[in-house]
Every structure is written in structure tokens, then in C-alpha cells.
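This briefing describes selected features of the structure shown below. It moves from the surface to a strand, and then to charged pairs.

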Amino acid sequence: MSCIEHKTTPSAPGKATGRDHNPFDVMEPRTPLKTPVDRKNGKHVKANDIPPQGVYLPNDNILAPHMKSPEYVQLSTAAAITLGIMGGRMYGCECTRCLNLLLTYPEGCRANCAYCGLARHREAERDYADRNFIRVDWPAVPMTDIIDIVARDAENSPFHRMCISMITHSRSEEDTFAVLKQWTDRIDPDAIPVSILSNPTTMTRDDVQRTKDLGADIFTVALDAATPELFDRTRGKGVQSPHKWSKYWDIMLEARDIFGPQKFGAHIIVGMGETEYEVLNLVQELVDLGGHSHMFCFFPEQGSLMDHLPATPRDQWRRVQLARYLIDYRDARVEQMRFDDLGRVTDYGIADAELADIVDEGIAFRTSGCPGKFQDDISACDRPYGDSPPSDIASYPFHPKKKDIKRIRKQLDIPVTVE
Ligand code: SF4
């Protein structure tokens, strides 16, 4: 059985609603409920004095208050399978090319983002290490165990990149530096480059500089929401969360300055209520600054404040994926594209034959993220099934096959001509 299969798969995107996009007025998060005092701030976990023992698989129910970064990190199920720490297989891929790590603490992330399974409000029902993050479980593992395995043969590692995801926590910066240093002390960053997925809310310019000095290669900001209004609704005041669009943007500009062109970028989730024009305008702005966008298809994470909302309809997602790829890698510009009065793409601004070739090539529909060792427009960060079930793939973690391209063409409403 695949470890990546989700426990509950929501109804097919778009089919349930009949819509071909997720409009702003529909995508309203729930209001977070009050957390009982005895569950606040990881109290429940900290009340136990059980030492951590090796790998912690979510739902093992061994509450371990000392299982925290920098000694422990969480890692994606795909990375755990690739390392051989967990058993299992992934549909369509032998391994993941990115070792995604996540800082971990008994009190968890102190932010409350509406779409996130790790959000603070969830402490009312689940301990931090048992919450899932972007659809899949993230087991907790001693950092030294991970490094020991990779350091055996870093040059020939299946991983083309390592990424440290920060969360919102008072120790997040110091522990990111510690994890990064542990890694670069033993693994040459030229053999496996490192990306930082930052938490700007608690960061300064000096912190950004320090990640660079310690050997990080790319610095990204998880903007997630495509407009300031949507950001505030899903990550800021709207859900009693501390984040501010302006701070995220400021730290991204510091990263641009420190890391340089093509070495910084932003994560954006598509389908949380922005229009296609709005998100592609942001993509263009990032390219004009010299950076990249990494896209995620909105998925209603069970237990999150948006779990009652529809996943992004596949036609909306494909249009944005394709247009974003053209802007990021094929020198197309948003001004050349055409949009209808609901902001949906109606024309990609390039010749039909060229567009057909790019669609059939398939790279546009692969997971987007920091590059690996194959080519610039193929992401190491393939995040298998992080934004969709294998039965209805949003971001392809492998190169789409002919049958996949036929499906994509139907979703894009482009005549199916693939041989
Ligand atoms: S800051 Fe990141 S980890 Fe924390 S709730 Fe928001 S999206 Fe989730």
C-alpha cells in the first residue's frame, strides 16, 4: 500500500461545485475556535516527560516533549521513504529528489494559517507531531540520523536538493542556523544544494544573510496568498495569525539583494480566491524582480480552517500552471495574455503551434520549485502528492506520460491531438 494515499479524499475538484474556478466570495475560511487551556501551547505534550526514541511516526501517540529542533526535524513521507527510514511506494516515482525538512516543537507553529494542517488552532485536537502538513504525514527523526545516511555518499544521493522549512516559533531562526550548519559541516553544498523556506515574520536582514553565510543556495518566502487582501484573510488578522504581507515582501527583497537573481522566490497557492489574472500578475512581478514562483494547487486539508471548501478546479489550475511556466521560462509576459471579465486566461499570448508543443512537452505541469540537477525548469522539489491524490494529479511529481497529457489537454479545453 502506498504511504502517500490520503485518508480522506474530497470530492473531485470543480465537479462538486460545477465551477471552473474558486472565487473570492466562496473561499471564506472558518473562524478558529478557542483552544481549551489544558491544550494550549503544547501543554498536553509538555506534561509528559517521555524521552524521544528514534523515528516518531505520526499517530504513534508517544508524547515526547523533548522531541524538538535542532536535534529533531520532521521530514516528508516521500523523503523518509527515499532515505529508507520508512517503507512504502509512491505512485509513478521511485524517490523524491528533494529532502524536505521541517522544524519541530512540542508547541508547534504559533501561526494560524487557514489552509495549513500545522496551524495553531489545531492544538485543540491533535498534538503537533501528529498533524499532517500538505496532505501527507511528516514523521519526526533525529537530524544526525538523516545526515549519517546522506553523508555515506552525498555525490550519488538521490536527493538533488535539501530544503529547511521554518515555522513560526521563537526558536525558528537559531534552530534553522543549527540544522543548516550541522548539514554543511558534513555535506558539501555543491553536492546537494540547500534551500531555505523562510518564516519572514520573525526574521531580520541579518538572519537572511546568515543563512547565505552558512551555505544556503536559494531563499524562498512562503507568500502562499496571491494578494494582500487574501493574505490578510488566510494568514493575518482574519484568522488571528501574526503574518503581514508587507513583512513577507520586505524579507523577499532582502533575499533578492543577498542571494541574487534566480536565487530567491515565493511560494503561491492557487485557488484560494484570487483571480487567474491576479496570480499571474504576481508571477510576472517576481520574474521582473529576478526571482521565481513555486506553485501549489489549493487542497482542503482535513482539520484546517478551509477544509470545507472546494479544491482548485483542474481547469483553473492548468491554465495558471501553463501561463506561469510561459512567464517563468519562455519569456512570455502577462501583458501579452488575455483574460475574461472573471480574470480567467483566454489567450496565452503565443502562437497555437508553439503552445501545443509546450503542452505536449509536459514540463509545465510538473511540480514547480527549486531546481535540481536535470535542468533549470525541472524542480528537485517534486513533493509527491502534496497537493492532490494520485487519482487526480494536480502537480505531476514525474514527467507526464502520453495519457497524462491527453487528460491535461482536456482539462485545458485544448483539442486532444497527442499520438
Ligand atoms: S506559518 Fe507555515 S507552518 Fe505555520 S500555520 Fe502558517 S503555513 Fe502553517
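Which residues gather in a patch of negative charge on the surface? They are D153, E155, D188 and D190. This is a predicted model, in which local features need pLDDT of at least 70 and side-chain atom pairs count only at pLDDT 80 or more, while totals for chains, interfaces and linings use all residues. Residues are numbered from 1 along each chain as its sequence is written, and side-chain values use heavy atoms, with hydrogens and water left out.

**Surface patch**

- Patches consist of residues with over 30% relative accessible area and no salt bridge, with like charges joined within 9 Å and nonpolar side chains (Val, Leu, Ile, Met, Phe, Trp, Tyr) within 5 Å.
- Asp and Glu count as negative, Lys and Arg as positive, and His and the chain ends are not counted; a charge is placed at NZ of Lys, CZ of Arg, CG of Asp or CD of Glu.
- E155 counts as exposed because its relative accessibility is 55%, where exposed means over 50%, buried under 20% and partly exposed in between (1.4 Å probe, protein chains only).

**Strand β7**

- Strand β7 (residues 264–270) is largely enclosed by the rest of the structure, because 7 of the 7 residues are buried.
- In a regular strand, side chains alternate between the two faces of the sheet.
- Both faces of β7 are covered, with F264, A266, I268 and V270 buried on one side and G265, H267 and I269 buried on the other.
- Strand β6 (residues 218–224) runs parallel to β7 and is joined to β7 by 4 bridges; strands pair if DSSP finds at least two bridges between them.
- Within this pairing, A266 in β7 stands opposite V221.
- Strand β8 (residues 292–297) also pairs with β7 in the parallel sense, over 6 bridges, and F296 in β8 is the bridge partner of I269.

**Salt bridges**

- The structure holds 24 salt bridges, each being a side-chain nitrogen of Lys or Arg within 4 Å of a carboxyl oxygen of Asp or Glu.
- D20 and R319 form one of them, with the closest N and O atoms 3.8 Å apart.
- D20 lies in the segment before α1 (43–46) and R319 in helix α9 (residues 314–329), so this pair ties together parts that are 299 residues apart in sequence.
- D20 is partly exposed at 21% relative accessibility, whereas R319 is buried at 11%.
- K237 and D232 meet in a salt bridge of 3.6 Å, N to O; K237 is exposed at 69%, and D232 is partly exposed at 28%.
- The side chains of R330 and E361 also meet in a salt bridge, at 2.7 Å, N to O.
- R330, in the loop between α9 and β9 (338–339), and E361, in helix α10 (residues 352–361), are 31 residues apart, and their pair links distant parts of the chain.
- R330 is partly exposed, with a relative accessible area of 31%, and E361 is partly exposed at 33%.

**A buried proline**

- P313 sits in the loop between β8 and α9 and is buried, with a relative accessible area of 1%.
- P313 and G349 are 36 residues apart in sequence, and their C-alpha atoms are 23 Å apart in space.

Technical notes: Areas by Shrake-Rupley, 256 points an atom, 1.4 Å probe, with all protein chains shown as cover. Helix = DSSP H or I, 4+ residues; strand = E, 2+ residues; numbered from the N terminus.
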